[in-house]
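The following report describes one protein chain in a predicted model. Please read it alongside the sequence and the coordinates.

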Amino acid sequence: MTGSVLVVTFHTTSEAMATEFLSKEKGFAGRLIPVPRQLSAGCGIAWKTAVDLQDPLLKALEKEGIEWDETHVIKF
């Protein structure tokens with residue numbers, strides 16, 4: 001079985017935690033994870049969620065003024 005997930009990286013831990021709070025508030029499924037080894041990013045914490053949530057999640061982050069570093073679609 002193959003699939004993919006969206007991983008959003010952050011410059012700071014506070015941005016990652018704010019994303020967790022916002023996602024719970026908005027009902028976006030996902031969770032905080034350590035940044036996967038194949039990625040190198042700021043604070044070492046990332047948000048993992050479904051690929052189809054990329055647009056609504058990033059729009060919500062932008063609206064709330066929460067900055068992210070990069071987004072990555074990781075296939076497994």
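The term requires a side-chain nitrogen of Lys or Arg within 4 Å of a carboxyl oxygen of Asp or Glu. Side chains of opposite charge can pair when their charged atoms come close.

Both K24 and E20 belong to helix α1 and are four residues apart, about one turn of the helix. An α-helix has 3.6 residues a turn, so residues three or four places apart point the same way. A search of the whole structure finds one salt bridge.

## Basis of the model

The model is predicted, so local features need pLDDT of at least 70 and side-chain atom pairs count only at pLDDT 80 or more, while totals for chains, interfaces and linings use all residues. Residues are numbered from 1 along each chain as its sequence is written, and side-chain values use heavy atoms, with hydrogens and water left out.

## Overall architecture

The chain contains two helices and four strands, arranged along the sequence in the pattern β-α-β-β-α-β. Helices (H or I, at least four residues) and strands (E, at least two) are DSSP runs, numbered from the N terminus.

With 76 residues, a compact globule would have a radius of gyration near 11 Å, and the value of 11 Å for the chain agrees with this. That radius is taken over C-alpha atoms, and the globule rule is 2.2 Å times the number of residues to the power 0.38. The C-alpha trace spans about 35 × 25 × 15 Å along its principal axes. Of the 76 residues, 36% count as buried. Among contacts with a separation of 6 or more, 73% involve residues 24 or more positions apart; a contact means heavy atoms within 4.5 Å.

## Strand β1 and its partners

Strand β1 is mostly covered, with five of its six residues buried. It pairs with β4 in the antiparallel sense over five bridges, and V8 stands opposite T71 of β4. Four bridges join β1 to β3, again in an antiparallel arrangement, with T9 opposite A46 of β3. Two strands are taken to pair if DSSP finds at least two bridges between them.

Within β1, L6 has 0% relative accessibility and so counts as buried. Leaving aside residues up to four places away in sequence, L6 touches W47, K48, T49, A50, V51, Q54, T71, H72 and V73. The C-alpha atoms of L6 and K75 are separated by 9.0 Å, although these residues lie 69 residues apart along the chain. S4, also found in β1, is partly exposed at 33% relative accessibility. By contrast, S4 and S14 are 10 residues apart in sequence and 26 Å apart in space, C-alpha to C-alpha.

## The two faces of helix α2

Helix α2 comprises residues 54-64, of which L57, L58, A60 and L61 are buried. These four residues lie on the same side of α2, because they cover an arc of only 160° around the axis; the arc is that of the directions from the helix axis to the C-beta atoms. On the other side, D55, K59, E62 and K63 are exposed.

The cover over the buried residues of α2 includes β1 (4-9), α1 (13-26), β3 (45-49) and β4 (71-75). Just after α2, G65 adopts a positive phi of about 75°.

## Nonpolar cores

The largest nonpolar core has 13 residues, and those with the most contacts inside it are V8, F10, L22, F28, W47, L57 and L61. β1, α1 and α2 each supply at least two residues of this core, and α2 gives the most, with four. Apart from it lies another core of seven residues, among them V5, V7, I33 and L39. A nonpolar core is a set of buried Ala, Val, Leu, Ile, Met, Phe, Trp, Tyr and Cys residues joined through side-chain atoms within 4.5 Å.

Technical notes: Buried means under 20% relative accessible area, exposed over 50%, partly exposed in between (1.4 Å probe, protein chains only).
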